[in-house]
Amino acid sequence: MPTRALRVPPDQDLVVFGATGDLARRKLIPALYELSSQGLLPRKGDVVGTATGPLDDEGFRLFAKESVMEFGRGQFEERAFTAFARRLRYVPALTNPGPKLAKVLKLPRRVVYLAVPPSSFSPILQELKDAGLARGSSIIIEKPFGHDLASAKRLNQALHRTVPEERIYRIDHYLGKETVQNLLVFRFGNTLVERIWNRDVVSHVQLTVAEDIGVENRGHLYEETGALRDIMQNHLFQLLALTCMSPPSSFDPEALRDEKVKVLQSIRPVAPAEVVRGQYTRGSINGKTMPGYRELEGVSADSDTETYIALRLAVDSWAWAGVPFYLRCGKALVTRRTEIMLFCRDVPLHLFEGTGIEALQPNRVTIRIQPDEGISFSFVAKEPGPLVVEQGVRMDFSYGKSFKTEPAEAYERLLHDALLGDHTLFIRQDETEFAWQALQPVLDQMPEIKLYPAGSEGPAEAQNLILSGAWHRLGHHTDD
């Protein structure tokens, strides 16, 4: 995450496989439009979409316009889109698109984005090699990076047969979020914070990715992944690595990724007994009835796919030995929230016994990644008056209030970095394999599914993972 002025990437094309899919429509095309309007795309180079739909260039431009108007983060500007649309090309991918792409791509350098299901990765990589396009190409692939340790290794081998590691960008959009990047500045740029960020002060850590939406119309795809592969192995383990890593020697991409690898390598293999898997049933969220997961189209009536997973793990490092980490993620929960919470140890002396104060709340540091991006610190103060009455209070930093702006979309930053050739916010081969290695015992012996109603906090059994205390309530304010 180097500190630098935004630069214009060198001349190159960008190819998007799966260019009419949900990811491209909601995220990639709006992000590319924003980069174009800010002058942050290469001065020369096309954006070439390829998919199975029978579109032509004009049809793809119309699709892109509708995508930007519906999902763009800023106000749509016709002149800015017209300039962006001049770059757009389309190659149907019904059969053997490689030779057709080779005729359209004019520049010797290109980035190829695989916005497709993992099962399509290997055939597309072979297409690029057969068409002579591997030379000069960099590859962006979306998670999940394999579905277990063995498949991750096979995928990495297939990638390396096509392009070298330095031209591979494994994208996890969480790493492009402003609050995730700010976690490193918050930790390593503030002496007071870094002093308390270890086992001497922290009693336990909770990491949460909660969604208040269900699987919706992606049932047939979600059946192949589940919460462990969709969120836990990548998003949450990356947040864990950034939370626990030691200071890198510099913000050089490899120095930072080396420190993340050390954390992932230090995770003790997770035992199935320390995991709770859940699946949501029919329930109500915000007053609206949500069908259960097994009621969705494309989902088996006796599906064993988890929509929720919670686990306890240990990081065997000098700074974090003995500190339990609790990770959870799920769909159709009571609220939408992604956060990291560090709970500090209790004060060593019970000075307030006999004063009527039953229990002091421990200090907490909370990094809110979404929504309401920011950081807060909760502590105890005395209420005004003659009696000693404690009250929990908090200091709060909000991105929107402090900087008077909303953070840019993660895909804008990540696409721009890939075009620049900056690997800082992308995942390296060994990161993926060590993350799968820690979870492989769970994959080998999946715990049975526990049901929970949509709109709840998840399975009640997840409370049994917490050694002392409880999960922070999702239905309450972060610092309540």
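This is a predicted model: local features need pLDDT of at least 70, side-chain atom pairs count only at pLDDT 80 or more; totals for chains, interfaces and linings use all residues.
**Entry 1. The parallel sheet**

I began with the open sheet of 6 strands, whose order I recorded as β3-β2-β1-β4-β5-β6, with parallel pairing. I then looked up which strands form its edges: β3 (88-92) and β6 (168-171) each have a single partner strand, so one side of each is left without a neighbour in the sheet. From one strand to the next, I noted an average twist of 20°.

Within this sheet I examined the pair formed by β4 (residues 110-114) and β5 (residues 137-142), which is parallel and has 5 bridges. As a reference point in that pair, I noted that Val-111 stands opposite Ser-138 in β5.

I next looked up helices that pack on the sheet. Helix α2 (residues 57-71) touches β2 (47-51) and β3, and its direction makes about 115° with that of β3. Helix α13 (residues 410-420) touches β4, β5 and β6, and its direction makes about 140° with that of β4.

**Entry 2. Helices α1 and α2**

I followed α2 to its contact with helix α1 (residues 22-37). Their axes lie 9 Å apart, and the two helices pack at an angle of about 95°. An angle of 65 to 115 degrees counts as roughly perpendicular, and α1 and α2 are therefore roughly perpendicular to each other. On the α1 side I listed Arg-25, Arg-26, Ile-29, Pro-30 and Tyr-33; on the α2 side I listed Phe-60, Phe-63, Ala-64, Ser-67, Val-68, Glu-70 and Phe-71. By class, I recorded 8 nonpolar, 1 polar and 3 charged residues in this contact.

**Entry 3. Helices α10 and α14**

I then turned to helix α10 (residues 226-244) and helix α14 (residues 429-444), whose axes come within 10 Å and cross at roughly 130°. I classed α10 as oblique to α14 on that basis, and I noted that their crossing is right-handed. From α10, the contact uses Leu-228, Arg-229, Met-232, Gln-233, Phe-237 and Gln-238. Their counterparts in α14 are Glu-431, Thr-432, Ala-435, Trp-436, Ala-438, Leu-439, Val-442 and Leu-443. I recorded the composition of this contact as 9 nonpolar, 3 polar and 2 charged residues.

**Entry 4. Strand β8**

I looked up strand β8 (residues 275-281) and found it mostly covered, with 6 of its 7 residues buried. β8 pairs with β11 in the antiparallel sense over 4 bridges, and Val-275 has Leu-311 as its bridge partner in β11. β8 also runs parallel to strand β17 (residues 449-453), to which 5 bridges join it. For that pairing I noted Ile-449 in β17 as the bridge partner of Arg-277.

**Entry 5. Two valines**

I located Val-299 in the loop between β10 (288-290) and β11 (308-314). Its relative accessibility is 11%, and I counted Val-299 as buried because the cut-off is under 20%. Leaving out residues up to four places away in sequence, I listed its contacts as Gly-219, Glu-223, Tyr-293 and Arg-294.

I located Val-185 in helix α7 (residues 178-188). With a relative accessible area of 41%, Val-185 is partly exposed. Val-185 and Pro-164 are 21 residues apart in sequence, and I recorded 31 Å between their C-alpha atoms.

Definitions and conventions:
Residues are numbered from 1 along each chain as its sequence is written. Side-chain values use heavy atoms; hydrogens and water are left out. Axes are lines fitted to C-alpha atoms, for helices over the stretch in contact, and angles run from 0 to 180 degrees between N-to-C directions. Angles under 35 degrees count as roughly parallel, over 145 as roughly antiparallel, 65 to 115 as roughly perpendicular and the rest as oblique. A crossing is left-handed if the near helix is turned anticlockwise from the far one by less than a right angle, and right-handed if clockwise. Contact means heavy atoms within 4.5 Å. Ala, Val, Leu, Ile, Met, Phe, Trp, Tyr, Cys and Pro count as nonpolar, Asp, Glu, Lys and Arg as charged, and the others, Gly among them, as polar. Two strands pair if DSSP finds at least two bridges between them. Buried means under 20% relative accessible area, exposed over 50%, partly exposed in between (1.4 Å probe, protein chains only).
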